[in-house]
Amino acid sequence: MRAPDDVCAVVLAAGLGTRLRPLTMLRPKALVPVGNMTLLDRTLERLAEVGLTGPDRVAVNTHWLAGQIAEHVDGQVRLSFEEEPLGTAGALGNLHGWIDGRAVLVLNADAYVAADAPEDLAALLSGWDGSRVRMHGVKAGLPDPFHGYNFAGASLLPAADVAALPDKPRELVRTTWRPAEQSGRLDVIPLPGRYLDCGTPADYLAANLHAAGGVNLFGDDVQVTGEAHGSVLGAGSRVDGAVRDCVLWPGAYVAPHENLHRVIRVGRDLTVPAA
């Protein structure tokens, strides 16, 4: 299914990623690799599956390490730089001129989604009447769920709701989702498969291991003279020691004396545990 012409997409990528530090001191969270593909690229692929591509249909908001995102996307999307983070609602308000009266499919750039069915974003669009607020949901594991589900990284907002959003720091949960729920105008579409927000080292590692599927996932030009088991090995990484259930960023190195388990390795000496 393709998105109607009067629907555009906004990918939220301006967050500071404080819980994922020190990794996000090196890259914005949207550009951390999961399964040897950045989270942002994974999101843009999902949007392309419903026909949303290019700077006329897809915008990405930025703040922290914004220059890296600009270089990465290289004109493929509309960029919206925020001097201060505007939140999930303010980001859309800041884009009113570009949105230009359209409905918006808004996605969190830090969402890892591995759907068990091909629908994914098409399920949010299918049969939509243009007036109800929709969101992806997974069975509640956190407080304050929506109809028994937690938000799972994607929401479809009617044009009228988007037009009412301010261009100042605000969050969709207060401006749009809760009011729609209270008025009986919120639909939660269950998301089959795995969803992780990659906000912490533990969830980030879990997303990578899910992408690997229990085997090694190799980037280009990886060298292993030691041992590697069930790990994601980024392009140009080298393992002379041993890794098990680990993530190696591009160019990472594991020395012969090292035996790493359930950690993220960056370069030669930055090791981030999942705990």
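# Reading the rings, strands and backbone of a predicted model

Q: Which residue lies over the face of Trp 98, and at what distance from the ring centre?

A: In this predicted model, the residue is Arg 102, which lies over the face of Trp 98 at 4.8 Å from the ring centre. An Arg counts as sitting over a ring if its CZ is within 6 Å of the ring centre and within 35 degrees of the ring normal.

Q: Over which ring does the charged end of Arg 178 sit?

A: The ring is that of Phe 146, and the charged end of Arg 178 sits 3.9 Å from its centre. Arg 178 belongs to helix H7.

Q: What else does Arg 178 touch, not counting residues up to four places away in sequence?

A: On that count, Arg 178 touches Asp 144, Pro 145 and Val 173 as well as Phe 146.

Q: How is a pair of aromatic rings described?

A: The description uses the distance of the centres and the angle of the planes. Rings pair if their centres lie within 6.5 Å; planes over 60 degrees apart count as edge-to-face, those under 30 as stacked and the rest as tilted. By this rule there are two aromatic pairs. In one of them, the ring centres of Phe 146 and Trp 177 are 6.1 Å apart and the planes stand at 85 degrees, so this pair is edge-to-face. Phe 146 is in the loop between S8 and S9, whereas Trp 177 is in helix H7, so the pair ties together parts that are 31 residues apart in sequence.

Q: How is the pair of Phe 151 and Trp 177 arranged?

A: Phe 151 and Trp 177 form a tilted pair, with 4.4 Å from centre to centre and 40 degrees between the planes. Because Phe 151 lies in strand S9 and Trp 177 in helix H7, this pair ties together parts that are 26 residues apart in sequence. Phe 146, Phe 151 and Trp 177 form one aromatic cluster.

Q: Are Phe 146 and Trp 177 buried or exposed?

A: Both Phe 146 and Trp 177 are buried, and Phe 151 is buried too. The cut-off for this class is a relative accessible area under 20%.

Q: Which residues of helix H7 are buried, and what covers them?

A: Helix H7 spans residues 172-182, and its buried residues are Leu 172, Thr 176, Trp 177, Arg 178 and Ala 180. Just after H7, Gly 184 has a positive phi of about 75 degrees.

Q: How do S8 and S10 pair?

A: S8 and S10 pair in the parallel sense, over five bridges. Within S10, Leu 186 stands opposite Val 133. Four of the five residues of S10 are buried, so S10 is largely enclosed by the rest of the structure.

Q: What is the order of the open sheet of five strands, and which are its edge strands?

A: The order is S12-S15-S18-S21-S22, and the pairing is mixed. Strands S12 (217-218) and S22 (270-273) are the edge strands, since each pairs on one side only. S12 pairs with strand S15 (residues 232-233) in the parallel sense over two bridges; Phe 218 stands opposite Leu 233 in S15.

Q: What order has the open sheet of three strands?

A: That sheet has the order S14-S17-S20 with parallel pairing. Its edges are S14 (227-229) and S20 (259-261), each pairing on one side only. The twist averages 5 degrees from one strand to the next. Strand S17 (residues 242-244) runs parallel to S20 and is joined to it by three bridges, with Leu 260 in S20 as the bridge partner of Val 243.

Technical notes: Residues numbered from 1 in each chain as written. Predicted model: local features only at pLDDT ≥ 70, side-chain atom pairs only at ≥ 80, totals over all residues. Heavy atoms only, no water. Pairing = 2+ DSSP bridges. Buried < 20%, exposed > 50% of the residue type's maximum accessible area, 1.4 Å probe, protein only. Phe/Tyr/Trp six-rings, centres within 6.5 Å; stacked < 30°, edge-to-face > 60°. Contact = heavy atoms within 4.5 Å. Axes fitted to C-alpha atoms, helices over the stretch in contact; angles between N-to-C directions.
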